[in-house]
Amino acid sequence: MQHARNLPDSARNPWIDNARFVLIVLVVFGHSLEPLLGSGHPTVEAAYRFIYLFHMPAFAALSGAVASTGLDASTLRKIVFRLLLPYLVFQGLYTLAAMSSNWPDDGPGGIATPYWLLWYLPSLACWRLMLPFFARLRFRIVLAVSLALAAGWAGDLGYYLSLSRILVFFPFFLLGWRFVPAWREQSRMLPVRVGAIITLLALLALSFTSHPDPHWLYGSYGYSDLDVSALVGVGLRALQLAGACLAGLAVLALIPRRHTHISALGQGSLSAYLLHGFVIKFAIGFGLFGVLAPLPPALSLTLLAAAALVLAAILATPPVHRLIASASSPAWLRRALWHPQRETTA
């Protein structure tokens, strides 16, 4: 496969950075809606289902768009020091935070069970390791989708090592590697953008008119846990994957291609991703979401969307990114442990 079809991350492509910031805002907004679920507001629950349908699939596709099929010492170094070690560090930090009396849950259940939002780091590491193999397969997309559908049969996968999510969301990573660079060019055309808007509006309307169990969108539950047969589960998950693909492509089609004010913030999306969980969990623990519950749903959604935008923007700023760089991108540890000459000879 030619690597030229991918969008190189090192080139600081503004479209990639813009998309990263838009998606991290949606991630923060989606997580901020969780405390209001079960409050009896259908509007809040519909917005939650709509965002969860595509925000992480689109992130996976975007990660695939900047991935290469090479698997050399440099790639392995990046996987270890940019994904796996930060996962271990923040798994520990969330464990410490959960010791606070104001933390609303028990925190991480162990080192092998990614806590809440941390599942994406080990999943991305696995996808990067899987890509060189799948890139050389015929019918790679069909095989990846088949594995995603088959994951629901194994009810024991669940959250352990994020195994279920690795399989369920891998097709989006693979589609991102294979098609997103070309999709970015095709979406310059006005009819494509209009179609993207129509698609998103149709899926938003469907989120209001249908009431599926949001656990389907997490990618962590087997079909038996979702109270459906294997055959029905395969059909429903296939529809879910198709809807997520359509919505993700539609959102990416509407991302600005030029350098904007959010481009620099997109470069700090990892910091926002790792840190916003602390803010939301402590906000829950201090009862801040209780203030929103009595408000009209439209007002609650507006306030949360504005707060998500501000929080993501603050956490993605260069000062915050530099502040946590020793944990999120431990270059000091890489310099201490990694032998450059050994990488060259490899």
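Me: Let's jump in at Asp227. Is Asp227 buried or exposed?

Reply: Asp227 is exposed, because its relative accessible area is 70%, and the cut-off for exposed is over 50%. Keep in mind that this is a predicted model.

Me: Where is Asp227 found?

Reply: Asp227 is in the loop between α7 (190–209) and α8 (230–253).

Me: And what about the phi of Asp227?

Reply: Phi of Asp227 is positive, about 65°, although Asp227 is not a glycine. Ser162 is another residue to look at here: its phi is near 60°, also positive in a residue other than glycine.

Me: OK, Ser162 then. Is Ser162 buried or exposed?

Reply: Ser162 is buried, since its relative accessible area is 2%. You'll find Ser162 in the loop between α5 (140–150) and α6 (163–186).

Me: Switching topic. How many salt bridges does a search of the whole structure find?

Reply: The search finds four salt bridges. As background, side chains of opposite charge can pair when their charged atoms come close.

Me: Give me one. Which residue forms a salt bridge with Lys281?

Reply: That's Asp105, and the closest N and O atoms of the two are 2.7 Å apart. The pair links distant parts of the chain, with Asp105 in the loop between α3 and α4 (120–134) and Lys281 in helix α10, 176 residues apart.

Me: Why does Lys281 count as buried?

Reply: Its relative accessibility is 10%, and buried means under 20%. Asp105 counts as partly exposed, because its relative accessibility is 25%.

Me: Over which ring does the charged end of Lys281 sit?

Reply: Over the ring of Trp116, with the charged end 4.4 Å from the ring centre.

Me: Back to the salt bridges. Which residue pairs with Asp17?

Reply: Arg20 does, with the closest N and O atoms 3.5 Å apart. Asp17 and Arg20 both lie in helix α1 (residues 14–33), three residues apart, which is about one turn of the helix. Both Asp17 and Arg20 are buried.

Me: And what does Arg188 form a salt bridge with?

Reply: With Glu185, where the closest N and O atoms are 3.0 Å apart. Arg188 counts as partly exposed because its relative accessibility is 44%, and Glu185 is partly exposed too, at 39%.

Me: New topic: rings. How many aromatic pairs does a search of the whole structure find?

Reply: It finds 22 aromatic pairs. One of them is Tyr94 with Trp103: the ring centres are 6.1 Å apart and the planes are at 65°, so the pair is edge-to-face.

Me: Are those two buried or exposed?

Reply: Tyr94 counts as buried because its relative accessibility is 0%. Trp103 counts as buried as well, at 6%.

Me: How are the rings of Tyr94 and Phe278 arranged?

Reply: Their centres are 3.9 Å apart and their planes are at 5°, so that pair is stacked. Tyr94 in helix α3 and Phe278 in helix α10 (residues 269–285) are 184 residues apart, and the pair links distant parts of the chain. Phe278 is buried, like Tyr94.

Me: Which residues form the aromatic cluster?

Reply: Among them are Phe59, Trp119, Tyr120, Trp127 and Tyr273. The cluster also includes Phe133, Phe134, Phe169 and Phe170.

Me: Now the surface. Which residues make the nonpolar patch?

Reply: Val89, Leu93, Leu96 and Met99 make a nonpolar surface patch of about 370 Å². Val89 lies in helix α3 (residues 73–97). Val89 is partly exposed, because its relative accessible area is 34%.

Me: Last one: Val234. Where does Val234 lie, and what is Val234 in contact with?

Reply: Val234 lies in helix α8. Leaving aside neighbours within four places in sequence, Val234 is in contact with Leu149, Trp153 and Tyr223.

Me: What separates the C-alpha atoms of Val234 and Lys281?

Reply: A distance of 34 Å, with the two residues 47 residues apart along the chain.

Key
Residues are numbered from 1 along each chain as its sequence is written. This is a predicted model: local features need pLDDT of at least 70, side-chain atom pairs count only at pLDDT 80 or more; totals for chains, interfaces and linings use all residues. Side-chain values use heavy atoms; hydrogens and water are left out. Patches are made of residues with over 30% relative accessible area and no salt bridge: like charges are joined within 9 Å, nonpolar side chains (Val, Leu, Ile, Met, Phe, Trp, Tyr) within 5 Å. Accessible areas come from the Shrake-Rupley method with a 1.4 Å probe; for residues, only the protein chains shown count as cover. A salt bridge is a side-chain nitrogen of Lys or Arg within 4 Å of a carboxyl oxygen of Asp or Glu. Helices (H or I, at least four residues) and strands (E, at least two) are DSSP runs, numbered from the N terminus. Buried means under 20% relative accessible area, exposed over 50%, partly exposed in between (1.4 Å probe, protein chains only). Rings of Phe, Tyr and Trp (its six-membered ring) pair if their centres lie within 6.5 Å; planes under 30 degrees apart count as stacked, over 60 as edge-to-face and the rest as tilted. A charge sits over a ring if NZ of Lys or CZ of Arg is within 6 Å of the ring centre and within 35 degrees of the ring normal. Contact means heavy atoms within 4.5 Å.
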